[in-house]
Amino acid sequence: FRAIAIPAALAHQLRGPHPCTWKEVVEDMAESFASQQFESKLRRALDRVRVVLDNAKTQPQLASEVHHRYDDKYLLVEGVTNAAAASQLNCLGALGLRQEQLARIQEWAQTSSVSLRFKSEERCTFLREETREEESPTKRVNEVSFG
């Protein structure tokens with residue numbers, strides 16, 4: 001992108017009172033599009049959840065559309081973060097991470113950052129050979145007669 005000055009009125013609407021470039025305008029538009037795309041996916045997911053819950057007393061709503069106290073958003077983030085962390089631990093458990101290994105990782109994390117590297121190996125062995133005849137709605141028969 002070339003750094004081209006944007007008219008002051010447009011710059012004020014997009015980023016505030018300071019001048020900006022076309023690159024910043026495009027970045028703003030991309031961020032806005034991503035936000036709209038995320039909200040659209042979230043609304044579709046909410047519609048599916050409402051179908052599943054059908055006659056439940058409480059229906060899920062977007063946090064931005066519900067009146068709430070200032071502290072409520074922090075409780076929401078804390079709950080979602082805890083759910084995400086629990087999900088990650090379940091995934092690691094499914095991959096074979098044991099409790100004692102998790103404790104060792106937590107111990108390491110107290111003094112430095114920890115990265116996990118996974119290695120997977122698959123083996124295939126020949127079990128047996130089977131032949132079977134499948135039923136078919138049509139059958140082809142060739143007849144030859146000599147006379």
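Start by selecting Phe-118: this residue is exposed, at 56% relative accessible area (exposed is over 50%, buried under 20%, partly exposed in between, with a 1.4 Å probe and protein chains only). Phe-118 sits in the segment after helix H4 (99-109); helices are DSSP runs of H or I, at least four residues, and strands are E runs of at least two, numbered from the N terminus. A caveat before moving on: this is a predicted model, with local features needing pLDDT of at least 70 and side-chain atom pairs pLDDT 80 or more, while totals for chains, interfaces and linings use all residues. Residues are numbered from 1 along each chain as its sequence is written, and side-chain values use heavy atoms, leaving out hydrogens and water.

Now jump to helix H3, residues 72-94. Its 23 residues reach 33 Å from first C-alpha to last, close to the 33 Å expected (1.5 Å times one less than the number of residues). After H3, click Gly-96: its phi is positive, near 110°.

Cysteines next. Cys-91 is partly exposed at 42% relative accessible area, and Cys-124 is exposed at 76%. How many disulfides does a search of the whole structure find? It finds 0, taking a disulfide as a pair of cysteine sulfur atoms within 2.5 Å.

Finally, zoom out: the protein has 4 helices and 0 strands, and 7% of its 147 residues count as buried.
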